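Work through the exercises below with the sequence and the model side by side. Try each task before reading its solution.

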Amino acid sequence: METKTVRALKDWKLLLAIPLSALLVAAPARAVVTTSGTPTALHNETDDPEADRQAVSREIERFRSSSISLSQAMAIAEARHAGATTADVSFDGASGVPVYRVKTLHHDRIWRHTINATTGEVIGGEAALPLAQLDADDRSNLAALGAIRHRLADAVHVAERAASGKAISGGLVRERGRLNFAIVVISGDDLKEVLLEPPGARTK
């Protein structure tokens with residue numbers, strides 16, 4: 001008899017599940033994933049590899065000590081507008097208060113939210129950007145996101161199971177004309193990137 005986890009994993013096409021460099025932290029708002037497994041990511045802007053490693057370790061430690069999970073932060077942001085869906089989410093522990101930065105899609109706007117990773121409170125209100133102000137690729141990706149049945153929240157759950165860890169960021173990426181979700185997961189002491197193709201993703 002199939003378990004719920006097995007059924008969830010079978011529904012998705014797992015394209016990549018690869019370790020990332022120890023110098024990579026959470027993918028930012030617009031994750032860019034290559035087949036070599038090197039996404040755009042936050043780096044500490046120094047020439048000292050040891051300082052970079054320490055900065056990454058501090059970021060991961062702040063993430064692990066946060067009370068609010070990435071999935072909870074997405075749910076909090078989506079609840080601000082009925083029917084909204086998350087297009088991108090990332091953890092930011094570099095500031096004084098660790099936060100999640102969440103972008104949600106609702107009708108013809110992208111809403112930006114900052115969620116306190118300790119309390120779950122929305123910090124500083126929210127900002128909206130009309131889709132018309134985005135470039136053609138972003139509009140195409142967001143249109144595809146609205147057309148598929150699965151959501152980024154679903155991809156996060158599948159990626160966490162596949163990589164045996166907790167997601168620290170997630171976003172949209174287009175590979176070979178198909179919309180995919182790129183999720184960065186902390187698994188043990190490693191960062192792993194999971195690239196998932198949602199069922200029913202359409203070609204560009």
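Rings of Phe, Tyr and Trp (for Trp, its six-membered ring) form a pair if their centres lie within 6.5 Å; planes under 30 degrees apart count as stacked, over 60 as edge-to-face and the rest as tilted. The model is predicted: local features need pLDDT of at least 70 and side-chain atom pairs count only at pLDDT 80 or more, while totals for chains, interfaces and linings use all residues. Residues are numbered from 1 along each chain as its sequence is written, and side-chain values use heavy atoms, with hydrogens and water left out.

**Exercise 1. Aromatic pairs**

Find how many aromatic pairs there are by this rule, and classify the pair of Phe63 and Phe91.

Solution. 
Step 1. The count comes to two aromatic pairs.
Step 2. The ring centres of Phe63 and Phe91 are 5.3 Å apart and the planes stand at 80 degrees, so this pair is edge-to-face.
Step 3. Locate the partners: Phe63 is in helix α2 (residues 49-64) and Phe91 in strand β2 (residues 85-92), so the pair links distant parts of the chain, 28 residues apart. Helices (H or I, at least four residues) and strands (E, at least two) are DSSP runs, numbered from the N terminus.
Step 4. For Phe91 and Tyr100, the centres are 5.4 Å apart and the planes at 70 degrees, so this pair is edge-to-face.
Step 5. Phe63, Phe91 and Tyr100 form one aromatic cluster.

**Exercise 2. Burial in the cluster**

Solution. 
Step 1. Buried means under 20% relative accessible area, exposed over 50%, and partly exposed in between (1.4 Å probe, protein chains only).

**Exercise 3. The surroundings of Ser187**

Describe where Ser187 lies and what Ser187 is in contact with.

Solution. 
Step 1. Ser187 belongs to strand β7 (residues 178-187).
Step 2. The relative accessible area of Ser187 is 11%, so Ser187 is buried.
Step 3. Contact means heavy atoms within 4.5 Å. Leaving aside neighbours within four places in sequence, Ser187 is in contact with Ala163, Ser164, Gly165 and Lys192.
Step 4. A polar atom of the Ser187 side chain lies 2.8 Å from the backbone oxygen of Ala163.

**Exercise 4. The whole chain**

State how many helices and strands the protein chain has, and what share of its residues is buried.

Solution. 
Step 1. The protein chain has five helices and eight strands.
Step 2. Buried residues make up 48% of its 204 residues.

Note on methods: Polar contact = N/O pair within 3.5 Å; in protein donor to acceptor, adjacent residues only side chain to side chain.
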